[in-house]
Amino acid sequence: MKLFALLSLALLPLCALSQPKIVLSCDRPIDIETGEIGPNATSAVFSQTGAKWVRLNTINSPWSSPEDKALHRGKTWEQAYRSIVDDFTDNGIEVYVLIGAEAVSRDMGTLFLDYPGEYPDKANEWIYEYVKNFTTIVGMLKDKVRVYETFNEPNLFLIHISEPT
């Protein structure tokens, strides 16, 4: 709980930027089977709400990583997300990007509930892939995106870790 409180205090200046903000979430902007950009991932939908910020979740599927050059619906991962970010920012909507567990192709499952646990090598591999993908995504979008979120609801990890088994 202390760690979560420290993170909250560290993020407080970011949350207090000038005036209150309304942020709407674009949780799954890409169809995970086809790579098609969903109808919820357009500025036309968000601009009707008056929100000036959108929270964009980055997911790998159906690509294997952000660097994957395979085409799904005619786009690579980078092209698909770039087109979403460009649509929002070109229409006056700021984007902040969530780079969470779905930014890694492998499910983390319960690897971190008792870290290092039974499978420390698998947990470390997952962490390395996450860091690599995080760095790649920031590098791809940094010209239009200035705010990144590393994990959704990180306090849930603390709850599981502190509970007795």
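I count two residues as in contact when they have heavy atoms within 4.5 Å. This is a predicted model, so I kept to its rules: local features need pLDDT of at least 70, side-chain atom pairs count only at pLDDT 80 or more, and totals for chains, interfaces and linings use all residues. Residues are numbered from 1 along each chain as its sequence is written, and side-chain values use heavy atoms, with hydrogens and water left out.

**Entry one: Ser 25**

I found Ser 25 in strand S1, residues 23-26 (strands are DSSP runs of E, at least two residues, and helices runs of H or I, at least four, numbered from the N terminus). Apart from neighbours within four places in sequence, Ser 25 touches Phe 46 and Arg 55. With Arg 55, I noted a side-chain polar contact of 3.4 Å (N or O atoms within 3.5 Å, one able to donate a hydrogen and the other to accept it; residues adjacent in sequence count only if both atoms are side-chain atoms).

**Entry two: aromatic rings**

Searching the whole structure, I got five aromatic pairs (ring centres of Phe, Tyr or six-membered Trp rings within 6.5 Å; stacked under 30 degrees, edge-to-face over 60, the rest tilted). One of them is Trp 126 with Tyr 130, stacked at 5.7 Å centre to centre and 5 degrees between planes. Both residues are buried. Tyr 130 also pairs with Phe 134, tilted because the planes sit at 45 degrees, with centres 5.9 Å apart. I logged Trp 126, Tyr 130, Phe 134 and Tyr 148 as one aromatic cluster.

Technical notes: Buried < 20%, exposed > 50% of the residue type's maximum accessible area, 1.4 Å probe, protein only.
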